[in-house]
Amino acid sequence: MNTNDSSLVIVVSGPGGVGKSTIVEKLVQRDERLWLSRSWTTREQRPGEASDAYKFVSRREFEDNIAANGFLEWTDFLGNLYGTPTPRPPAGKDTVLEIEVDGAQQVKRLNASALLLFVLPPSRQEQKARLRGRGDADQKVEKRLRKAEEEEPVGKAIADYVIINDDLESTLEEMSRIIAYERKQRTSS
Ligand code: ADP
Ligand code: 5GP
């Protein structure tokens, strides 16, 4: 997985509702060298969610793809399966994966040079407000907040950079600066 060239694998991880999807969507719009991997999931599409946010599949289809060795990584997150299909970025592009912490750990094990950007909310209260604002049901909000308590220490321990997503524009600038720096490092080494 992109180990023999200077292209980057950028993993954006962090607890639910912190803003990962929003961030990666904007980064990819602004930087044409970035290629966003589209994950598979067995969860249902949320009301108002884009139909291409994921490849929405049945559990059977997902399990068939596991059996066919079709995932770089996959995990069970709060009862649904999520997975990154084997990435095939166009030549010269850097791959972006937006995944939870268990998947980030798997990717790091497979490719130690993958760049892990771990995003945190300014506070648990703000994370809750963002999950609610997105339309998550109360029970899902509580589950995601509890899961965040487990995910954060692991994410911080394996991250190359930890970013607090307070003001969105500042976060995007910070992440763009990190990516530019890491590209430079890799072409000069
Ligand atoms: P994730 O992918 O991490 O679960 P989302 O990208 O779905 O999170 O963001 C959750 C909600 O928070 C969305 O409604 C999004 O518009 C909002 N959001 C994202 N970043 C910020 C920010 N910096 N400030 C305020 N709201 C934000
Ligand atoms: P959501 O249901 O909010 O879209 O996603 C739940 C969690 O699964 C989020 O933390 C999201 O980043 C993560 N996720 C999305 N796609 C993948 C994937 O392909 N692999 C893994 N491991 N996690 C994913």
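How many residues surround ligand 1, and which are the closest? In this predicted model, 14 residues surround ligand 1, the closest being G17, K20, S21, T22 and R134; a residue counts here if one of its heavy atoms lies within 4 Å of the ligand. Local features need pLDDT of at least 70, side-chain atom pairs count only at pLDDT 80 or more, and totals for chains, interfaces and linings use all residues. Residues are numbered from 1 along each chain as its sequence is written, ligands are numbered from 1 in the order in which they are written, and side-chain values use heavy atoms, with hydrogens and water left out.

What kinds of residues make up this shell? They split into three nonpolar, six polar (Gly counts as polar) and five charged. Helix α1 (residues 20-30) gives the largest share, three residues; helices are DSSP runs of H or I with at least four residues, and strands are runs of E with at least two.

Next come the polar contacts, meaning pairs of N or O atoms within 3.5 Å. One oxygen atom of ligand 1 is 2.8 Å from a polar backbone atom of K20, and an oxygen atom of the ligand is 3.3 Å from one of V18. A nitrogen atom of ligand 1 lies 3.2 Å from an N or O atom in the side chain of R130.

β5 runs antiparallel to β6 (residues 80-85), joined by six bridges, and F71 stands opposite P85 in β6.

Conventions
Polar contact = N/O pair within 3.5 Å; in protein donor to acceptor, adjacent residues only side chain to side chain. Pairing = 2+ DSSP bridges.
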